[in-house]
Every structure is written in structure tokens, then in C-alpha cells.
Amino acid sequence: MLKRAIAALAMAATTSGCMQYLVQPPQPSLAGTPQTIEAKSYAGGKVQQPGFISAARCANGEQLARVLVKRNFAQGFVSWITLGMIAPATIEYSCANASEPPMGGGGD
Amino acid sequence: MAAPQPSFNPKKLWKNFHETYHQVIDGEWDIFMPQQTAGLTVADLKETTAQFQKLIGDAKQQGLKVRAIGSSWSLSKAPTTSGWTFNTNRLRGRLKVKATDVDPAYPGTAGQKSGLYLFQCGNTVADVNKALETDAQKRALFTSGAANGQTIVGATQCGTHGSALEFGALHDHIVALHLITTADKHYWIERKSRPVMAKAWVDSLGAKLMRDDDDLFNAVVVSFGSFGVVSAVVLETAPRYLLETRPTQVKLTEDLWKAIGGLDFSVEPFNGDKPYFFQAVINPSSDDVLIMVNYRRDDPGNFQPNYDLISPPKSIGPGFDALSTLGVILDAFKGVIPPFSKLAAKQLFDTTPKTGTPGMIYGYKPPLLHVASGSIAVALPDARKTIETLIQLYKDIGPVPLVLGCRYVRKSPALLAFNRFPMGMMISIDGVDSTTSRAFFAAAPDRVEAAGIAFTQHWGKINSYTPQRVAKAYGANLQKWLDARHKLIPAAADRALFDNDYIKERGLAG
């Protein structure tokens, strides 16, 4: 029983994110697959690498449909051991379709 | 206005939406829609066609495979490719078919004729619902799957269905489609028995009209992207209506079996009131059944749909990635599965009574990774035997973090339709992706087969199709489907562009 508990906790810790926040609008309209960027925050966010996350795949006026910020076990451990001075995270973003296309045709 | 040129993304790892598997690819092409001020035109469709054809030609020259991919919603590997993926999500043009563009031989009623709409492949089911259900259009889909994030082409290519008792699956709305097969060929395909678009309109698109028989259309309409790029579809729609949901929690009694196994609604809790939509969700770890019934209300007047999915700031629910951890924990602690299943059924199925358009009822859901789902369809007379077989399997290898959702769909003329039976019961096995769940999915078809029950499996969900099972399930339709693929893509090298391991392993490639 103890072995199972240890196994489950170890697997849960290593296979899942130790932190994750998802932001999306009430009617998400995704313009494609998520893009993944590795980022690091230093000194409590005073320095960030990259300087800011550029959602470069969002072209032609597209905004963001979804942003997921997550930290896995290894990233969480680095943050813990450095007392938050180095805080790596993974950012996933999806572009939003620019607008609702008008209905064509009709009439007659 | 001209569309921006396709943009290459050197992405090497593609994951399906629910992140239950990944695939190494050679890059992704983003395809853009022409800027529209007055709605989609034939010129826009031609421009997009030319862009797809250029990319198909380039891929062939470079020895790469290709696939058009929508929302990546499938839990099966049906949409995968090892080469280039074409991201179609931005192709969301739509138009109401003009009466003058309809073929004079169209056999539909005046009401059906005024409810024909063309949607480009990247429109999601949510987009289609929202476009149809406006005050300006006052139309609706006859049926829909539980989710709305799939593209209309992705969902229909894999056979997505709902549980409207008098209708087929989502693909049974489609009456015409535009197919791009090679760098120099594209087709407008319809059934001979149901001509839709006037030849002059098809000629203006520059596509070759194919409607010499029904088989060609019936092959392509459910083909998992194996025939090329399905660039647009024409749907027949219903006048706008509302659905009134009446969810109830009941026990699995002999009376209830009459409804689940025979669609007899004279029993409690229906009392003779036949619903438009019926689903029974059985928790195999107990005798609890969640009854989801929706009643149709026509002529909703000026009802204003609200599609918003809002998570109240103080609410608590499973996070985006909750199920990946839960799967591991439930594998280790099987004893907690039965109470968990009860809780999960409440999370998976909205049990709040409400009234709304189909687009609201089958609307946005909280996104969850690592869901597990597979479906088996059987003829209605085999319904009870099949459910009992699966409950026995659950007892033999369980408990398993899954519930059995029983839905009902009428037969489709599509050659490889999941809804193959005159009235079929689709058992949707839904829950958490875990080792025991996967064992259940692997064993379920074996058990149903051993019980001597004829069945099909959902192409877009976890399935255990083999070439033998596909041949047994579809009989002569299988050869017709293969023949249609050879007819539309005669050269083996061109067919190979759209081959993937999924169709190879099911005897559908080559």
C-alpha cells in the first residue's frame, strides 16, 4: 500500500505540472495549434528571458485566443532551490481568429 | 481582396487538442482567408484552392506527405501525417446558397432549398451554430456532437454524431463538398440522387463536377482526410429551434431498460413524452443512470442565444491538466474509482436544466486534457446485450474510471459511416486516460465481437479497428470506398501523399 502511494505521488509529481493557469475568452476561436515558448524569470520577475513573450505566429491583426502558463516538476524545483530567483516556465499560446466573417451569398 | 500567402511554421512536434498523443511532422503551413467585406465569394474559394494546390505540388516534389488538419480534436490518429500539416483553422468563410445557384433538379423542398449553406473547412461547429442561429438566418443544425471545438470538416470526416432520435450524424447534413486532390485537380462532389449546385456555379469555381453516382460522394464524406483536402461543404439545415433539457438521475430498472434498449418512452421518467435527443449515461460501478433528454421547441421567436462560457471567479473545478494526474492516481488506488466516476459524470455532463438553441446546449465546455473516449455502435436490438457485455468486462478488469454514454443515431448512406445500423446505439465510453482505461478500450471490441454482436467503432476516437474488422463491419462498402479513392486519385504517388499509419493499419491505404 505504501509502495503504491509513493509510486502514485512520485508519478503525479513528475508527470504533471506543478503549476498551471489557463486564460481564455468566453467564446474562444483558435486560429491554429498552440505555440510553445520556454521562458525564465529572474530575481522575482525583475528580469525576464525573453524580455517579453512575442506571439509571433499571430499574423494579420490576430489577437490571442488562449494563454497557458505552466511549470513542470523540474522547473518548479529550480524555482524552489533558488528561492524564486530563477523561475522557469513554459508558455503556450494560441492565436485568435481576427473577426467573425460576414455571411456571403443569400438573396434571390 | 487577395489572401495573405501561406506561412510556414517549422514546428516539428504536433499534438492533438487533448494531448493524448503526439506526432513528429515536417512543419505546419498556416493558410489564411482572403479579407472579406461582403462575405465569401467564389473568387475567394478559387484563391484558397490555388494555395492548397501549390502546397500539395510542393510537398510531392519534396517527397513529403500532407494532411489538412482542423482543430486536432480526434482522439484517434486519423488526422496525422509525418509530413506537412495544413492548418485550416483560419478558413472560416461562409455563404448562404443563392436560389439561382441551386440546380433545378434539386429534390429538396422549398424550405430545404432556402436552408443551404456553404462553409469553408476551418469553421468550427461553434462557428456554424453561431452563423446559422442569428436573427438574420434563423437556422440550426439538426444534430451535433457534445463538443463544439472541432472544425465542421474534421468532425464530419471522422463521423461525429449526436443523439437526435430522428436524424443521422453530423456528416448527414452535408449534401455537397469541394475536394482538392492534387496540384492540378479539384472536384465538386454530390450525390446523383441529390443534385444541389447548378453546373454553372461549379464551373465558375473551376472544379470538375462529379455526380454520376452516389457512391463517390458517400465515400468522400466520411474519409478522415484520405481523399485530399475537403475545402468546403454545403449543409442542409433546420429552421431555428430551441432545446429544453431535462436531466434526471435514476436507477437502472427493468422499465428503464425498455427505453435504453428499445427506445420505449412509455416508462418512467418519460411517461410517453418522446424526446428529440436522448442519452443515458450508465455508471458501471453502480446502478446509477444519468438521463439526458432534450425536447424540441419550434418557432423560438426572437430568442437571443448566449454562448458564453464563464468560470465564476470563486468556482472550483478540475484544472486544464487535472486528468493526467488523476489517471495516475486512479491506476494506483482503484478503490476510489467508483466514487470518482460518480463525481466525474457530473463534471462531464451538464446536469442543470436549461433552454437554448442547439449551439448553446452543445456549446463551449471547460477545456480538459487527457480525456479518454471510444465508441462502439450496434444495432438497437443488440443494445442491452452489448451494454451488459461491457458492464461484465468492467467487473472483470475494473473498476475503471469510465462511464458508458448510450446515444442513438439513424443510419447514414456514407460508405464507412460509424452510424451504419437502421437505428444504432452508440455506446460512448468516456472518462480519464489511464492504464486501466486503455486496457478497457483494447478489450471492449474483443468482448463485443466474442458475444457475436455486429458493431462499428468511432473513427475519431480510440478504436481497435484492424483490416479484418473494417472488412467485416462494412462488407461491400469497403471496396466501393477504395475504388472511389482510386477513381478520384488515380496515381499511386498522389494517393500516397495522404496516406498515414492510421489508414494503413486499417487496410485503407495504397
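**Ground rules**

I number residues from 1 along each chain as its sequence is written, and I letter chains from A in the order in which they are written. Since the model is predicted, local features need pLDDT of at least 70, side-chain atom pairs count only at pLDDT 80 or more, and totals for chains, interfaces and linings use all residues.

**Chain A, overview**

I listed the elements first. Chain A has 2 helices and 6 strands (DSSP runs, H or I of at least four residues for helices and E of at least two for strands, numbered from the N terminus). From the N terminus on, I read α-β-β-β-β-α-β-β. Chain A has 108 residues, and 24% of them are buried (20 or more other C-beta atoms within 10 Å of the residue's own; exposed means 12 or fewer, partly exposed in between; C-beta atoms are placed from the backbone). I then looked at contacts (C-beta atoms, placed from the backbone, within 7 Å). Of those between residues at least 6 apart in sequence, 79% join residues at least 24 apart.

**The sheet in chain A**

Next I traced the sheet. Five strands of chain A make an open sheet, ordered E1-E4-E5-E2-E3, with antiparallel pairing (two strands pair if DSSP finds at least two bridges between them). Its edge strands are E1 (19-23) and E3 (47-49), each pairing on one side only. From one strand to the next, the twist averages 20° (axes are lines fitted to C-alpha atoms, for helices over the stretch in contact; angles run from 0 to 180 degrees between N-to-C directions).

I checked one pair within it. E2 (residues 35-42) and E5 (residues 86-95) of chain A are joined by 8 bridges in the antiparallel sense. There A:Ile37 faces A:Ile91 of E5(A). Helix H2 (residues 73-81) of chain A lies across E1, E4 (64-71) and E5, at about 140° to E5(A).

**Where A meets B**

How many residues of chain B are in contact with chain A? I found 44, against 29 residues of chain A. On the chain B side, E1 (7-9), E4 (27-30), E7 (94-96) and helix H8 (322-332) each supply at least two residues. H8(B) gives the most, with 5 residues. That side of chain B divides into 20 nonpolar, 15 polar and 9 charged residues (Ala, Val, Leu, Ile, Met, Phe, Trp, Tyr, Cys and Pro count as nonpolar; Asp, Glu, Lys and Arg as charged; the others, Gly among them, as polar).

**A sheet across both chains**

Strand E6 (residues 103-105) of chain A runs parallel to E7(B), joined by 3 bridges. A:Met103 stands opposite B:Arg94, and A:Gly104 has B:Leu95 as its bridge partner. I followed the sheet onward. Its 7 strands are ordered E6(A)-E7(B)-E8(B)-E13(B)-E10(B)-E11(B)-E12(B), in an open sheet with mixed pairing. E6 of chain A and E12 (208-210) of chain B are the edges; each has a single partner strand, so one side of each lacks a neighbour in the sheet. Neighbouring strands are turned by 25° against each other on average, direction ignored. Helix H1 (residues 42-61) of chain B lies across E10 (174-182), E11 (185-190) and E13 (229-236), at about 145° to E13(B).

**Helix H3 of chain B**

H3 (residues 125-132) of chain B has 8 of its 8 residues buried. They include B:Asp127 and B:Lys130. What covers them includes E6 of chain A, plus E7, E8 (116-120), E9 (139-140), H4 (152-157) and H10 (358-361) of chain B.

Is B:Asp135 buried or exposed? B:Asp135 sits in the loop between H3 and E9 of chain B. It is exposed, with 10 other C-beta atoms within 10 Å.

I paired up E15 (residues 241-245) of chain B. With E18 (residues 288-298), E15(B) forms 5 bridges, antiparallel. With E19 (residues 355-356), E15(B) forms 2 bridges, also antiparallel. B:Tyr241 has B:Asp298 as its partner in E18(B), and B:Glu244 has B:Thr355 in E19(B).

Last, two helices. The axes of H11 (residues 383-397) and H12 (residues 435-450) of chain B come within 10 Å and cross at roughly 135°. H11(B) and H12(B) are therefore oblique to each other (under 35 degrees is roughly parallel, over 145 roughly antiparallel, 65 to 115 roughly perpendicular, the rest oblique). Among the residues in contact are B:Leu390 and B:Leu393 of H11(B) and B:Phe440 and B:Ala443 of H12(B). The contact divides into 8 nonpolar, 2 polar and 1 charged.

Terms used. Contact = placed C-beta atoms within 7 Å.
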